[in-house]
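Subject: Structure handover

Hello,

Please find the structure below. My notes on helix packing and aromatic pairs follow it.

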Amino acid sequence: LSKMYHKEKSLQIKNSASALYNNLSVLRIAPRSLTYFTVVHANTVSIVSASWDGLNTSHRQLQSKEPNVATSNSLIMQAAWCVLPSRDLLVLTSQKGIQMYESDGSIMVYWHALDTPETATAQAVFARGIAAVRENYICVGEASGGILVFDIPSKGGNITLSEVLEEHKESITDMASECSGSQECIADMVSADDTGTLCVWKSGEEFQLLNKITGFDMSCSSVKLWKGTVVAGYGTGQIRLYEAVTGILHAEVNAHARWIYSLDIAPFSGLLLSAAEDSFVRVWHLTMTPESNTVEISHMYNECVTDTQICGAKFCDGDGYAFGVTGYDLSEIIRYTQS
Amino acid sequence: MTNVFCRICICKMQMHTHPWAYLSLSKHYNTFFSKSHSVFVHYHTVAGVWSEQDRKRVMVTIIRTMFSKDFMDQLFKPQPLYSHRTLKTVLTRLAHTSIMRLSPASMDRLYELMAMAFKRQLVLCPRPRDLLLISYNHLDSVRRFVEDTPNVLNQVDETQRRIIEVYTTLSDAELQLLRQTLLIFLQDMHIRVSFFLRDKVQNPNGRFVLSRSGPVPPGTEVPGMIRMLDSRGREVKRAHFPSGGSYSSPEREGSFSLHGDRVTRLGTNIYGVSQEGETHANRSCAAKGSPSPRPLASEELNLLARLMGGLEVLQRPGSDPAYRVNLFTMDPGEEEEEAEPGESFGDVVTIQATPDAQASSELARIAEVFTDQHQPTEEPCGSSSSSKGADLLALMDTC
């Protein structure tokens, strides 16, 4: 098998990446032939805008300093772009709250403070897990297990908290919406938590729980939803493929030797990207068998980023032609494109 | 050391991180001091200045302070994350509860060393729960220092019981959050440590080497297999793929109770990794206590010990109460200019002291030894390193 991908020139980032799940987000700005990348570093977020050839870049830094909070900076847990039909927003989740910016990071349009106890307690407070769902929803998970559903107008800052979903008992780790664009899929969103429990949702004015897949006491650190299949990555290094609405386990992959930190799917090609603390990025191929409505997974490619605990890996396009990778303490985004 | 750091971080996450970082830092601390003390003992055998009792007293003093109930109560209280500066201050004060006096520059260097040693453990620990085993390895060795002093031993046991109580109940996910917070605390520290470089556990760019072989952590399967299941959960197909590494099945689980085999080696010997035999050799030389011929490293330590041994004398009324001891090079530009691999602690040891005549002559001799790059290289105990600093530190860690 010839080398499927080759390494391109890396993109430098202003601050190194922290060891957080899903710590890389990518937004493709097709009209301008640009790709935006964002990576969390402690209490700052680095945004890099790069031309598709990688030759022209520009940088922006965002702080977690909240507008009306007098306290010091808090750690950021995740930064991700949310793509809705009407607008793109950059969402930051921290120990203090949720910030939503215009997609280039220029203007903060919304701030939601988390309830923090007056005195320090043993209970952690933070938000983590970000997903844009259907036309107008952005969902964000909380350490308490709650999921905040925000209703996003097509423009402006009149964002409202429309609902709080209380199904998870443990901290939310990640959330994802159906990425194939297919209107036939019943499930719109999947949420995962620290015990590995997965909740499958149908969106709407009131979100409806379609299915709850019980975990096995191991964190599901990254989750994706593609053509009605939940793809979940765990602290054990396993990847599991479930049928979203029935919870039937279709495949189980002993994928990595350490905690998985990131999964991504290229919706058009069905390529799956997995990355872990073990320094490996792997590319898989998912295929649907419509007759039996089952999904199969096959291994395509390995890439080792030597001595790097990978914390973020994302495809740069819907076909999986290119992907970017970053890791703990690394001040660059390494890019790979298909040979 | 680990503990102070952990402690710090958990707090930031509003969980109990604190004791962690603190205890772990302090373990490294202890290790450091115990090494010095082993030197004192050796010196005592030569010159009779430091008695076994003196050594014990200092060690016990530090551990007693470190594990005192009040201090631990404070430590276990959830509170905001310490800064590196605060942490350094705490550790400096801790050191100063004994008769040791480290110059600020030495303290900085010592702190960096401890931080990097701790960072290595955090990076390499195969799964979050191993943080506990690392910490227990630390406490096991602290316990050995005070095994003859029942009340202090009780303090240490009590601390470990509290840690077990607070931390073993944490889930893997919570421990992972703790670890991630600690990693953020130590992020962007790329100080190169000569013995890590020499042992090939650290790269010249400061990153630690991650293994792609060996046992996977308990609970994890060796990567390389895909299982396809039908709707009834029966396996219908199995496929294999190349993992790119050479992993093996997990080792047995380490003991999470007060005593027992922790299985993991992390936290047992912070400075020595592969060169344990070597440091062992050094140590046995030092233990012989014959004044000459001696390996270069123990010669240096001897002189250092003599200088420190003078502390007792000088602390008598009317004299300057303490020496300031500089254990590490303070070449101001060193960190910025990133010295060559293996040299970061190459010419390591410089010592500043009070202007006492006797001490000055001592100093002159020390300076002579430490600055002379053409020392005879025969090192009867098998240390082949040209990096004397590394030897010194390795020696410090073999107790």
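The model is a predicted one. In chain B, helix α4 (residues 69-76) packs against helix α8 (residues 150-167) at an angle of about 15 degrees, and their axes are 11 Å apart. α4(B) and α8(B) are therefore roughly parallel to each other, and their crossing is right-handed. On the α4(B) side, the contact involves Lys69(B), Met72(B), Asp73(B) and Phe76(B); on the α8(B) side, Thr159(B), Arg162(B), Ile163(B), Val166(B) and Tyr167(B). By class, the residues of this contact are five nonpolar, one polar and three charged.

Now the aromatic rings. With ring centres within 6.5 Å as the criterion, there are twelve aromatic pairs over all chains. One of them is Tyr36(A) with Trp81(A): the centres are 5.8 Å apart and the planes are at 40 degrees, so the pair is tilted. Tyr36(A) sits in strand β4 (residues 34-41) and Trp81(A) in strand β7 (residues 76-83), both of chain A, so the pair ties together parts 45 residues apart in sequence. Tyr36(A) is buried at 6% relative accessibility, and Trp81(A) is buried at 8%.

Phe216(A) and Tyr234(A) also form a tilted pair, with 4.9 Å centre to centre and 50 degrees between the planes. Phe216(A) is in the loop between β18 (208-213) and β19 (220-226) of chain A, and Tyr234(A) is in strand β20 (residues 229-234) of chain A, so this pair ties together parts 18 residues apart in sequence. Phe216(A) is partly exposed at 32% relative accessibility, whereas Tyr234(A) is buried at 0%.

Finally, Tyr5(A), Tyr301(A), Phe315(A), Phe323(A) and Tyr336(A) make up one aromatic cluster.

Regards

Technical notes. Residues numbered from 1 in each chain as written. Chains lettered and ligands numbered in written order. Predicted model: local features only at pLDDT ≥ 70, side-chain atom pairs only at ≥ 80, totals over all residues. Heavy atoms only, no water. Axes fitted to C-alpha atoms, helices over the stretch in contact; angles between N-to-C directions. Helix = DSSP H or I, 4+ residues; strand = E, 2+ residues; numbered from the N terminus. Parallel < 35°, antiparallel > 145°, perpendicular 65-115°, else oblique. Left-handed = near helix turned anticlockwise from the far one by under 90°. Contact = heavy atoms within 4.5 Å. Nonpolar A, V, L, I, M, F, W, Y, C, P; charged D, E, K, R; others polar. Phe/Tyr/Trp six-rings, centres within 6.5 Å; stacked < 30°, edge-to-face > 60°. Buried < 20%, exposed > 50% of the residue type's maximum accessible area, 1.4 Å probe, protein only.
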